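Me: Hey, can you walk me through this one? I'd like to start with the charged contacts.

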Amino acid sequence: MKFLTFIATLVLIWLIGLFVFADRVRSYAPAAEPARADAIVALTGPSAERVNAAIRLLEQDKGERVLISGVNREVRRQELRALTPGSSRLFNCCVDLGFEAEDTVGNAQEIAAWAEAKGYDSLIVVTSDYHMPRALTEIRAAAPGVELTPFAVETPSLDDSRWWRAAVTARRMTLEYMKYLAAMARAAVGGSPSTSEPADAPVGSAGEKAA
């Protein structure tokens with residue numbers, strides 16, 4: 001009986017955590033106007049909107065440069081440029097492409113190395129709302145001295161306060177919550193991260209493999 005009570009308590013705590021996590025995800029979007037930072041980083045994903053949002057912030061002078069992290073190794077710069085709006089001059093002068101990251105942990109390591117090489121102490125982080133908690137956790141672990149400002153791209157299907165009633169949104173939120181818990185555990189123990197996360201569909205030829 002005590003064992004069943006213990007299991008039921010764990011399940012209840014997990015469920016409460018899931019709904020707290022979901023409220024946090026939904027609070028990120030629509031994104032507030034960010035203060036200017038040293039630079040902007042975008043984690044690639046299932047659509048071009050993350051990259052587009054980062055380029056728009058660059059055009060608004062919210063940062064000195066942009067890093068697009070997690071670009072497919074086969075993509076050419078001009079191909080990625082064709083997917084993004086805005087000034088060709090700004091893209092050519094002030095956008096760096098990161099090809100090393102294959103998942104969110106890799107994104108964090110790539111971003112940390114780039115920020116250190118450039119001497120940046122503050123970054124605006126652009127990714128999807130559901131991905132933001134995990135992305136911030138991983139980047140903070142990799143670059144603990146860097147100030148991070150979230151700028152989330154909204155996922156319309158998750159805007160519904162009853163997201164848990166639809167199988168698609170419930171599955172996405174639950175899977176991301178589990179990945180977030182794993183990221184928190186890694187950050188707490190300082191252990192070696194796993195790179196076996198399931199992949200997202202890439203954006204053309206420039207997608208991240210795990211966000």
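Me: How many salt bridges are there?
Reply: The count comes to eight salt bridges. Keep in mind that this is a predicted model.

Me: Okay, what does Lys62 pair with?
Reply: Lys62 forms a salt bridge with Glu33, at 3.0 Å from N to O. Lys62 sits in the loop between α2 and β2, and Glu33 in the loop between α1 and β1, so the pair ties together parts that are 29 residues apart in sequence.

Me: Is Lys62 buried or exposed?
Reply: Buried. Its relative accessible area is 14%, and the cut-off for buried is under 20%.

Me: And Glu33, buried or exposed?
Reply: Glu33 is exposed, with a relative accessible area of 58%.

Me: What does Arg36 form a salt bridge with?
Reply: With Asp61. The closest N and O atoms are 3.2 Å apart. Arg36 is in the loop between α1 and β1, while Asp61 is in the loop between α2 and β2, so this pair ties together parts 25 residues apart in sequence. Arg36 counts as partly exposed, at 48% relative accessibility. Asp61 also counts as partly exposed, at 46%.

Me: What's the backbone doing at Asp61?
Reply: Asp61 follows α2, and its phi is positive, near 60°.

Me: Then let's do α2 itself. How many of its residues are buried?
Reply: Eight of its eleven. The helix covers residues 49-59 and is mostly covered. Among the buried ones are Arg50, Val51, Asn52 and Ala53.

Me: What about Glu49? Which residue does its side chain meet?
Reply: Arg56, in a salt bridge of 2.4 Å, N to O. Glu49 is partly exposed, with a relative accessible area of 30%. Arg56 is partly exposed too, at 34%.

Me: New topic. How do α5 and α6 pack?
Reply: At an angle of about 45°, with their axes 8 Å apart. α5 spans residues 104-118 and α6 spans residues 132-142. The two are therefore oblique to each other. Their crossing is right-handed.

Me: Which residues form the nonpolar patch on the surface?
Reply: Members include Met1, Phe3, Leu4, Phe6 and Trp164. Together the patch has about 1,100 Å² of accessible area.

Me: Where is Met1?
Reply: In the segment before α1. Met1 counts as exposed, at 79% relative accessibility.

Me: Last one. Where is Ala32?
Reply: In the loop between α1 and β1. Ala32 counts as exposed, at 58% relative accessibility. Ala32 and Ala152 are 120 residues apart in sequence, yet 8.9 Å apart in space, C-alpha to C-alpha.

Note on methods:
Residues numbered from 1 in each chain as written. Predicted model: local features only at pLDDT ≥ 70, side-chain atom pairs only at ≥ 80, totals over all residues. Heavy atoms only, no water. Helix = DSSP H or I, 4+ residues; strand = E, 2+ residues; numbered from the N terminus. Buried < 20%, exposed > 50% of the residue type's maximum accessible area, 1.4 Å probe, protein only. Patch = residues over 30% accessible without salt bridge, like charges linked within 9 Å, V, L, I, M, F, W, Y side chains within 5 Å. Areas by Shrake-Rupley, 256 points an atom, 1.4 Å probe, with all protein chains shown as cover. Salt bridge = Lys/Arg side-chain N within 4 Å of Asp/Glu carboxyl O. Axes fitted to C-alpha atoms, helices over the stretch in contact; angles between N-to-C directions. Parallel < 35°, antiparallel > 145°, perpendicular 65-115°, else oblique. Left-handed = near helix turned anticlockwise from the far one by under 90°.
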